[in-house]
Every structure is written in structure tokens, then in C-alpha cells.
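Q: Could we go through this model together, with the general idea of each feature given before the particular case?

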Amino acid sequence: MDIKDFKKISDVLWELPKTFRKDMRAAARVYATDEMLKDMMKDRSLQQLVNTATLPGIVGSAMVMPDAHEGYGFPIGGVVATKFPDGIISPGGVGYDINCGVRLIKTEMHFDDLRPEAESLGRQLFHAVPSGVGRGGTLKLGIGEMDKVLKLGAKWMVREGYGTGDDLEHIESGGCLSNADCDVVSDHAKKRGADQLGTMGAGNHFVEVDRVESVFDEETARAFGIFEGQIVVLIHMGSRGLGHQIATDHIRTVLKAMPKYGITLPDNELACVPLSSNEGTDYYNAMAAGANFAWANRQMITHEVRRAWETVFGTGAGRLDILYDVAHNMAKIENHSVGGIVQKLIVHRKGATRSFGPGHPDIPSEFREVGQPVLIPGSMGTASYILAGTEKSMLESFGSCCHGAGRKMSRHAALKEVEGRELREQLDLSGIHIESGSMRGLAEEAPLAYKDVDEVCEVVERAGIARKVARLKPVIVVKG
Amino acid sequence: MRLYKVIGHTADLRLKVEGDSLRELFTAALEGMASILKKGVSAGGEAGVGESAELIEIEASGPTLLLIDFLSEVLTRSQIEKKVFMKVEFDELTDTSAKARVYGAGVTDFDEDIKAATYHEADVRKNKAGKYETVIVFDI
């Protein structure tokens with residue numbers, strides 16, 4: 001593959017025609033600058049993108065966002081829509097961390113008021129949110145309770161006292177996908193997740209306290225309740241072992257079923273079946289259960305964050321309200337206009353965020369006019385962004401945009417470049433307090449391992465599939 | 001003879017495994033996965049002595065899927081029981097079925113959160129030297 005194989009549609013959008021490879025059923029599009037595109041050619045991101053363009057029932061183009069990097073099956077940053085109901089659904093197109101996503105909690109506090117207590121708050125958050133690999137949380141779910149979590153997601157958590165009705169209104173899909181079916185979630189999956197509700201895990205998951213460093217769009221920021229100097233909390237995690245096991249179980253089932261539907265693919269991790277098939281429906285309903293678990297998880301952590309806040313600042317520290325909670329590993333049935341005709345589609349987003357534009361009925365009423373909040377966590381030493389969805393994203397990218405900075409360096413390479421304790425000291429000097437159970441894990445997530453989040457967000461804005469609203473600067477980062 | 005080696009991947013982890021026989025290949029893959037889950041657990045399973053065995057029975061359409069399904073099953077039990085399985089004894093191993101006992105030791109935590117053993121790039125085949133080999137990508 002060479003840059004000459006691409007047609008340049010705009011300065012940040014490239015297209016590989018359907019003729020590039022015989023088995024492609026659609027064109028493949030890349031949101032990137034020239035340099036980013038060249039960088040993507042250094043790993044298998046673009047071959048994986050081309051592979052997704054072979055999926056049966058694909059509509060429009062297969063796409064990757066500017067934070068794309070090599071995954072397995074789908075590239076990370078991939079978006080693929082298929083026809084409903086007979087187009088395919090691919091568990092690999094969602095990934096093992098079902099409904100990995102980001103939640104932003106707004107506080108009423110200004111940075112100047114937090115600064116003296118930053119260390120104390122960091123320690124409190126670290127103790128409140130269990131992190132690391134294999135460590136369970138305080139809430140242990142029996143099978144009956146687990147089924148309720150799988151069926152009701154964040155709604156169950158609110159019923160149990162871990163949040164408010166207002167929280168639910170500020171979560172994608174209200175924090176509950178109604179098609180969730182506990183019977184298609186294995187006992188193994190339920191056991192794997194039994195002690196993981198309210199836990200962070202490891203890797204790139206975190207709880208981060210940020211200050212709003214700059215606001216780009218005053219009107220939208222006002223609608224979102226965001227102001228300069230404000231302290232906000234970002235929570236990034238997913239469905240933990242429960243989701244991983246759902247994916248493992250169903251990829252295996254789907255892989256075995258493919259010959260029945262005459263499906264052959266260039267990569268087993270793309271395993272897929274028609275959504276309308278028994279195997280497809282079972283996966284979709286199991287995925288919904290996994291997604292509900294993830295929303296319940298982020299709700300539990302929100303509860304712990306609120307408690308930590310109260311412990312450090314007392315009861316008069318103001319409200320902690322959810323701005324929004326977005327998934328970036330999910331397949332959803334949505335209506336989109338294709339060639340001027342509104343169609344029901346199955347939209348896979350793997351490392352891509354839903355970014356619905358102004359007026360969409362699924363956006364909470366108080367900011368429906370300005371578009372959906374899109375939350376983009378960067379690396380822990382740089383910045384994160386609040387974006388807003390646009391009309392163009394509805395027309396061009398099935399209401400999707402990027403999900404983060406995107407890795408550019410393997411964990412092993414990062415470990416060779418940086419030492420955890422040294423990194424923590426460097427970040428501390430730049431005003432970022434780190435709490436982490438693993439210095440090795442910290443080094444693996446070093447900022448140098450990631451692309452430039454400013455550039456990624458600049459590209460989606462220039463492409464018109466999201467608008468920059470505010471840039472956030474980390475103050476406290478709590479990692480596994 | 002068997003060996004495993006971790007090689008680069010942008011976001012996840014690639015393990016290259018090799019063995020004189022299918023049995024050695026599966027054993028190398030298990031040991032490789034154990035070494036990722038917990039540094040310092042060694043091949044041969046010293047730490048597994050005295051631990052009870054878990055029986056694993058898997059069927060698949062070929063050796064590649066069989067290997068990944070075998071690792072997935074071991075991983076699932078690792079995560080549920082908080083154990084690292086580093087030793088395996090096969091009662092039966094063909095291209096399409098495996099019956100094995102795996103031995104593990106309890107751990108308080110893992111070094112790496114392996115979400116899954118993926119089918120991506122996995123391709124069990126004999127190389128020019130007559131050894132079985134494959135690459136396995138773990139989602140971490």
C-alpha cells in the first residue's frame with residue numbers, strides 16, 4: 001500500500017477505492033493529515049481497514065479516525081455500518097472491552113480551590129476506586145443481582161442508591177440497552193465480572209481530575225455547563241472481565257456459524273453473521289448486557305468519586321453532575337441518511353465515539369441544539385477534549401468521530417524509553433499528580449506512546465465531524 | 001523443545017511460539033501466556049506442584065482454532081479463580097481436540113490484564129525446520 005493508492009478527498013480525508021483489493025465490498029476512508037496517513041502505514045491499521053471493507057452488507061465506506069492504530073480484526077478507530085437486519089454484526093467489530101467508554105463529571109469547583117488538596121484527593125480517589133489487574137471491588141454480585149445489572153445497567157445502580165435519575169438522562173442510551181438478555185451471557189462471564197463492578201482494571205483506564213484550560217466555543221460550553229478554570233472528572237473504563245468473556249464466547253460461536261451463512265473473511269477476528277440470524281441476535285443481546293454492565297461500572301465509580309469528593313472537601317463542595325457518558329466500543333442500530341434516504345443501520349464503532357449532531361432526539365434536551373458532547377481523553381501528560389457532534393458527522397461518518405489520542409508506540413517500546421518513577425516525577429513537576437499501583441503500567445501509558453491529541457482533534461474539526469468545545473489539562477491521574 | 005517470545009504490537013501483545021510437536025507448541029503457548037500474566041512464573045511449573053489440576057476439554061475445526069480456544073479456556077479460569085496456570089499435561093491432543101490437565105498457583109493479582117487470546121494472525125503451521133509455530137495476539 002502506498003499513499004498514491006489513495007484519492008485525496010480533502011486535506012484531511014482520504015479514500016481507497018473499492019477496486020484496491022478484489023474482495024472489498026466498499027471503499028475505505030481515512031481521516032488523517034498526510035503525515036498521519038504515512039504513519040498509519042507503519043503498522044497494519046490500513047490493511048485491517050481494508051479487511052473491514054470486505055464485510056457482507058456494508059453500507060457507505062469503511063472508515064478509520066485520525067487516532068487509528070493497529071488492533072486485531074478491526075483497526076482501532078474503525079467505523080463500519082451494515083444493513084439492518086440482514087447485514088452482519090461482528091463481535092470483533094466491537095472488541096473485547098464492550099462499551100469501553102468515557103464519562104465526564106462536572107464540578108462547581110475552580111482549579112484554585114482544588115490545588116491545595118490535589119494530593120489528598122488523589123490518594124482518596126486511588127483508595128476509593130480499586131485498580132490493578134485481578135483486584136476486585138467492594139460490591140460482590142450474586143447471580144440474581146448480576147442478572148439485574150445486566151438487564152438494567154446504570155438504572156439498577158440508581159435504584160440501589162448509587163446515583164440519581166438525572167445521572168441516567170446524561171448517559172448514552174440512558175445507561176441501559178433494553179435488548180439485553182442475561183440468558184445468552186455465560187456463567188463464566190458472570191463469574192468473571194462478579195467482583196469487578198466499581199473497578200478500574202489496568203492499561204489505559206483511569207480516573208482523571210482535569211481543569212478546563214481553554215474554551216473554544218462559548219455558546220456550546222455554556223449549554224454543556226463548562227467554564228474556564230472549572231474542575232471536571234473523566235472516568236475511562238468498560239465492562240471488565242464480563243465483557244471480555246462475552247466477546248470470547250460469542251466470537252467462538254460466530255466463527256463456527258459463518259460457513260452456514262457462506263461467509264469467508266480475511267481475518268478470523270472479523271468473525272460475523274447476519275444480525276437477523278440466531279447467532280447474530282444472541283450476540284447483539286449479550287453485547288447489550290455487557291454494555292449495561294459497563295454503564296453500571298462507571299455509575300459505581302461515579303458514586304465513589306462523589307464520596308471521595310465529600311471526604312476531602314466536605315458536604316458544601318457543590319454538585320458533581322454528569323455532563324455525558326459515551327461508549328467507544330459498541331454496535332448500535334441507528335437511523336442514518338444514506339443517499340438522501342433514511343435507513344436503519346447496524347453501526348460498529350471500535351475505538352470511535354458516537355458524535356450525533358444538533359437536533360438529534362437521542363441527545364439530552366438541554367444541549368440538543370448544539371450537538372452531543374463527545375469526550376476525547378488524551379494521554380495523561382497532555383490534554384483531553386470536549387467536542388460536540390455535528391450535522392456533517394451525521395452525513396459523512398454515521399455520526400461518529402475519534403475516541404482518544406491513539407497509541408503510536410507499543411507498550412514494550414514505551415518501557416524501553418521511559419521509567420515509571422521518573423515519569424511520575426516529571427509529571428509531578430509539570431503539575432500533574434499521579435496515583436498508580438504499577439510503575440511499569442504507568443510507563444507503558446507514557447505520553448510519548450501516544451499520538452498528539454491536539455492534532456487528532458484538529459483533524460476531526462477540520463473534517464467537520466466534530467467541533468472543539470474545550471481543552472482539559474490533567475491535574476490528578478489515577479491509574480491501575 | 002519449545003520456546004516463546006513476546007514481540008511488538010502497537011496496542012496489544014504478540015507472542016511467537018514454537019515447538020517440536022503440537023504438544024510442545026501448546027505447552028509453549030500456555031507458558032508464554034503465564035509469563036505475561038505473572039512475571040517470574042517459570043516454565044515447567046515448579047509453582048504448580050501441589051496445586052489441584054483443572055480438566056480442560058476442547059474441540060475445534062483445526063489446530064489454530066484449537067490452540068486459541070484452549071488458551072481462552074485457561075485464561076477464563078485464571079481470571080475467575082485468580083490463578084496462573086503454567087503447567088499442562090495432555091491426556092489427548094489431536095488437530096481437532098484436546099483433553100488436558102492444567103496446573104496453577106493462586107496469585108493476589110496479575111501483572112498484565114489479558115482480556116483475550118485472539119484469533120488474529122494465529123496460524124499453526126510447520127516451518128521449514130519442521131517445527132510447529134504460530135503468532136498469538138493477546139488483547140491487553
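A: Let us begin with the conventions. This is a predicted model, in which local features need pLDDT of at least 70 and side-chain atom pairs count only at pLDDT 80 or more, whereas totals for chains, interfaces and linings use all residues. Residues are numbered from 1 along each chain as its sequence is written, chains are lettered from A in the order in which they are written, and side-chain values use heavy atoms, without hydrogens and water.

Q: How many of the residues of helix α2 of chain A are buried?

A: Buried means under 20% relative accessible area (1.4 Å probe, protein chains only), and helices (H or I, at least four residues) and strands (E, at least two) are DSSP runs numbered from the N terminus. In α2 (residues 45-52) of chain A, 7 of the 8 residues are buried, among them A:Leu46, A:Leu49 and A:Val50. The cover over these buried residues includes α1 (34-40) and β4 (58-72) of chain A, where contact means heavy atoms within 4.5 Å.

Q: What area do chain B and chain A bury between them?

A: The size of an interface is often given as the accessible area lost when the parts come together. Here, summed over both chains with a 1.4 Å probe, about 3100 Å² is buried, 52% of it on carbon and sulfur atoms. In chain B, the residues that lose the most area to chain A are B:Thr10, B:Lys115 and B:Tyr119.

Q: How many salt bridges are counted between chain B and chain A?

A: With a side-chain nitrogen of Lys or Arg required within 4 Å of a carboxyl oxygen of Asp or Glu, the count is 7. One of them joins B:Arg14 to A:Glu70, with the closest N and O atoms 2.6 Å apart.

Notes: Buried means under 20% relative accessible area, exposed over 50%, partly exposed in between (1.4 Å probe, protein chains only). Buried area is the accessible area (1.4 Å probe) that two parts lose on being put together, summed over both.
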